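Hi,

Here's the structure I promised to pass on.

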Amino acid sequence: MFYILSRFAALLASPVIYLAGLLLGAVVFYKKTAVRKGCLLGALVLFLLSTNPYLYYLAETAWTRGYISSMKPRHTYEHAVVLGGFGGYNPIYQRIDLNEHGDRLTEAVMLYHQGRIRKIVIASDGTCNEKVGDEHVFRRQMNLLGVPDSAIIIEGKARNTKENVTCTVALLPALQQENFLLITSGVHMKRSLRCFREAGMHPDYYSTDLKYVYPNIWENWVPQLSTLDDWFHLGHEWIGWWAYML
């Protein structure tokens, strides 16, 4: 039930929902001219705010502050848990395609080659999930990146962050007594750490795909539709944080 409710609640994180609501109110539901103009003005203001890259950058920075990295210098971790959401399996071309969160995986691979981690634990990503992924293709591509099968552990059942914790611990009970490394996106780290800590674990952490926007470049003040998707992911984390707290 929690999983189903969380899927519906995630819809509330998208600015597009509120833009559509204001436009529908102006065009369909409200007849008074003043109210319709108010809806249109609200939609315009919301559009300008939610498509401004620099304003989003300020919000993300405030949310991720204090959750960037706690890696110990010159320390080697036995396991690094990489939370899913970084890619998917393409059955037509039979390959793994990374998405905007692909840094979760590529940073883990780099840390592996630097000798900072010994084994990469994939926590139910779409690339190798038992229902929608292909573990063999994923492993083959990881091998091409120089990561052997012996350094890859895959958990393929979890459906959300909370289940990432329970399913990964069920697969590797030793994590409960181990100082492992948690790798995920910066906006996702705060909620992810909370889930692991609630389960009695206190991993070190390493955040990826953190945005930086130069405020002195005029293009960064021009509305960008891709920023709507950024707000969706950040809003999803806000809603998820309070839902998990409750």
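Which backbone oxygen lies 2.6 Å from a polar atom of the side chain of Arg 104? That of Gly 84.

Before the rest, some housekeeping: this is a predicted model, where local features need pLDDT of at least 70, side-chain atom pairs count only at pLDDT 80 or more, and totals for chains, interfaces and linings use all residues. Residues are numbered from 1 along each chain as its sequence is written, and side-chain values use heavy atoms, with hydrogens and water left out.

Back to Arg 104, which sits in helix α5 (residues 103–113); helices are DSSP runs of H or I, at least four residues, numbered from the N terminus. Its side chain also makes a polar contact with the side chain of Ser 185, at 2.7 Å (a pair of N or O atoms within 3.5 Å, where one must be able to donate a hydrogen and the other to accept it). Arg 104 is buried (under 20% relative accessible area, 1.4 Å probe, protein chains only). Still, Arg 104 has no salt bridge (side-chain nitrogen of Lys or Arg within 4 Å of a carboxyl oxygen of Asp or Glu). Asp 209, the nearest side chain of opposite charge, is 4.6 Å away (Lys and Arg count as positive, Asp and Glu as negative; His and chain ends are not counted).

Elsewhere, there's Leu 55 in helix α4. Leu 55 is partly exposed, with a relative accessible area of 31%; that label covers the range between buried and exposed, the latter being over 50%.

Cheers

Conventions. Helix = DSSP H or I, 4+ residues; strand = E, 2+ residues; numbered from the N terminus.
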